[in-house]
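Student: I have just opened this one and would like a walk through it. Could you take me around it step by step?

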Amino acid sequence: MNATTAPSADTPSAKLAFQLYVAIGVAVLLLMMIAGALFRATQAAVTPIPANFAYELMTLHGAGMVGVSGLAGAAVMWYFLRRYVTLSTGMFLVMLGLSLVGVVMILAAIGIGRFAGGWTFLYPLPAKSMGVWGPHAAGAFVGGLVFIGVGFLLFYLDCAIAILRRYGSLWKALGLDQLFGSGPVDTSLPPTVVASTMVVIINVLGILAGAVVLVMSLISIYVPTVTFDALLMKNLIFFFGHVFINATIYMAVIGVYEIVPRYTGRPWNISRPFLASWAAVTLIVMAVYPHHLLMDFVMPKWAIVTGQVLSYLSGIPILLVTAYGALVNIHRSGLKWDLPLRLIIFGLFGWAAGVLPAIIDGVVRVNVVMHNTQWVPGHFHFYLMLGLVPLLMGSLLYACTRSEWSETALDRGAFWTFGVAGILFCFVFLSAGYQGVPRRFAVHDAAWLGHAQIGTLAAVLVLLAAVALGVRLLARLPRASLS
Amino acid sequence: MQNLAWALSLVLMGIVAALFLWVAAGASRTGGDATGMAASAQGWRNGVFWLVILAGVAISFGTLWDWPIAGHATAAAKPDTVIRATGHQWRWTLDKDTVKAGQLVEFEVTATDVNHGFAIYKDKSHVVAQAQAMPGYVNKLQVRFTEPGDYEVLCLEYCGLAHHGMRAVIKVGK
């Protein structure tokens with residue numbers, strides 16, 4: 001192994017960079033949870049927040065949560081991938097710096113410019129606010145997303161270069177030579193490298209599509225006479241958005257492969273089913289996005305069929321490879337439970353269970369009566385709030401404590417409160433969606449208030465538990481170790 | 001359809017929860033033969049995999065063979081009446097808002113400014129059908145109202161600050 005293929009050095013600046021990510025990640029996550037809870041409370045009519053401010057909160061919550069999920073997921077990937085390849089600390093910090101510039105622009109767009117176009121910036125809404133916000137507010141929001149996207153793109157390109165230097169090609173790093181080869185599988189290829197390669201491939205393409213549509217949006221904002229095809233823009237936006245948010249989960253899953261075996265003493269090696277599932281996921285995550293467009297009947301029929309069928313297939317690698325693999329790994333292993341492991345296994349449950357109502361929503365016949373009802377935030381909060389967030393928290397806690405964690409009553413209380421209140425929160429959304437309650441309504445009709453009020457109570461409990469968990473993580477941050 | 005989606009979700013999520021609880025409850029106990037369990041688990045997984053694939057084929061054909069969106073990419077039944085539904089920030093324009101129960105109604109759904117979601121509600125708790133309303137495109141949605149009454153039209157695609165107030169009513173007579 002030469003100098004270019006050695007693991008990354010554990011320098012003080014690398015440790016500081018990781019600590020910065022964790023500290024900023026926890027702070028932004030909690031702030032965005034507050035924004036989300038306030039939006040839910042507005043729906044419940046228990047706050048005096050006016051609708052216009054509520055939609056600003058909704059926009060902030062969406063953009064902030066997607067951004068911080070990406071940053072925290074990247075931190076987990078960087079933390080483990082750098083053990084196998086040489087990653088640049090400088091580029092890791094450049095991503096953080098550009099993201100913070102983007103965040104400031106987005107905050108200014110919303111806080112000063114009153115932008116409330118939703119995080120999905122669905123064309124041409126940013127440019128057509130009916131006078132509520134101006135072009136500079138829309139431009140700052142979209143421009144902020146461009147800065148964040150460029151930061152992520154540089155990070156993923158650094159990861160791609162490092163992987164190529166070590167493994168020669170993305171084909172080999174994904175293990176495809178072994179998947180399609182006839183000999184025994186070489187288990188020296190780490191699952192972390194396979195997962196990271198998949199994330200690099202999909203997110204580079206996703207962010208490039210995002211860059212194209214963001215620039216087109218900027219043009220439409222500042223040169224209103226230039227218009228684009230609304231269906232094309234919708235396809236680009238949902239391809240970018242779907243890939244980016246899914247990649248956050250696949251980055252967090254790296255923590256499962258690295259951490260769970262340390263508790264059980266059972267290695268998590270690659271196998272042909274493992275490689276096949278990651279190869280399939282690489283294609284599926286990029287090709288499945290038309291399931292967001294099932295109610296656009298002008299889409300080609302094959303695209304609608306693709307959306308439904310791939311949506312169904314996407315559950316197989318999640319449920320039968322990663323979740324099932326983790327259960328087999330921990331079964332009767334004699335492990336000792338602690339907070340990081342509890343969070344990781346609970347996060348896997350949230351992910352595995354949450355994809356089920358999502359897959360059901362991907363059936364056209366269901367989508368025609370449930371699309372854009374609260375069924376949608378029901379399933380995505382399930383696999384993000386109860387899946388991604390515990391996976392990230394568990395992995396980051398582990399990075400800061402290793403096996404030195406001493407469990408307290410506060411840990412157990414916070415974990416169970418987060419889990420039980422979180423499940424209640426998500427099921428209230430699902431139940432509301434089942435009864436047709438629309439999503440993204442700041443003002444709810446009287447018939448829908450009960451759901452919103454129970455949801456608000458659950459949101460407050462989740463927030464309190466998350467604060468307790470976040471403070472525990474921050475308190476341990478000085479002990480973080482990269483080795 | 002909503003009942004089926006809800007019940008199926010509860011059952012499947014319950015199975016996943018039960019599996020996680022069962023394994024987690026026994027994880028701190030020792031005694032498992034890791035190699036033997038892995039082999040047994042792989043056998044189970046292979047079986048479940050093919051079951052899931054077979055179910056997927058059945059579900060795909062069962063739900064898509066008879067194309068679920070009337071008028072989309074296939075010849076539609078001739079409607080008894082056609083209503084042009086146009087979304088604007090923040091109101092709906094319907095060129096006709098009264099139909100008779102039992103009639104096959106075709107909505108030609110479009111928008112003049114931004115994306116909207118044309119959703120027909122019964123009693124605020126039941127979505128009858130929906131389609132996206134998009135500038136530059138017309139989505140055709142066929143609905144046969146079986147029960148007389150007032151059906152409310154809501155916007156299900158976020159379209160700006162008065163999104164929640166974008167309503168209309170379709171009166172279905174006997």
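**A walk through chain B**

Student: Where do S1(B) and S4(B) come together, and in which sense, parallel or antiparallel?
Tutor: Bear in mind that this is a predicted model. In it, strand S1 (residues 81–88) of chain B pairs with S4(B) in the parallel sense, and 7 bridges link the two.

Student: Which residue of S4(B) stands opposite B:Arg84?
Tutor: That is B:Glu108, which sits in S4(B) and faces B:Arg84.

Student: And what is the bridge partner of B:Glu108 in S7(B)?
Tutor: In S7(B) the partner is B:Lys140. The strands S4(B) and S7(B) run antiparallel and are joined by 6 bridges.

Student: Why is S4(B) described as largely enclosed?
Tutor: Strand S4 (residues 104–111) of chain B has 8 residues and 6 of them are buried, so the rest of the structure largely encloses it.

Student: Stepping back, how many helices and strands does chain B have?
Tutor: Chain B has 2 helices and 9 strands, and, read from the N terminus, the order is α-α-β-β-β-β-β-β-β-β-β.

Student: What about the overall dimensions of chain B?
Tutor: The C-alpha trace of chain B spans about 70 × 40 × 35 Å along its principal axes. Its radius of gyration is 24 Å, whereas a compact globule of 174 residues would come out near 16 Å. Buried residues account for 30% of the 174 residues in chain B.

Student: New topic: how many residues does each chain bring to the contact between A and B?
Tutor: Chain A brings 67 residues and chain B brings 67 residues. On the chain B side, helix H1 (2–26), helix H2 (34–64), strand S5 (116–122), strand S6 (126–133) and strand S7 (139–144) each supply at least two residues.

Student: Which of those gives the most?
Tutor: H1(B) gives the most to the side of chain B that touches chain A, with 14 residues. Sorted by kind, the residues of that side are 38 nonpolar, 23 polar and 6 charged.

Student: Why does B:Lys171 count as partly exposed?
Tutor: B:Lys171 has 13 C-beta neighbours inside 10 Å, and therefore counts as partly exposed, because that class lies between the 12 or fewer of an exposed residue and the 20 or more of a buried one.

Methods:
Residues numbered from 1 in each chain as written. Chains lettered and ligands numbered in written order. Predicted model: local features only at pLDDT ≥ 70, side-chain atom pairs only at ≥ 80, totals over all residues. Contact = placed C-beta atoms within 7 Å. Helix = DSSP H or I, 4+ residues; strand = E, 2+ residues; numbered from the N terminus. Nonpolar A, V, L, I, M, F, W, Y, C, P; charged D, E, K, R; others polar. Pairing = 2+ DSSP bridges. Rg over C-alpha atoms; globule rule 2.2 N^0.38 Å.
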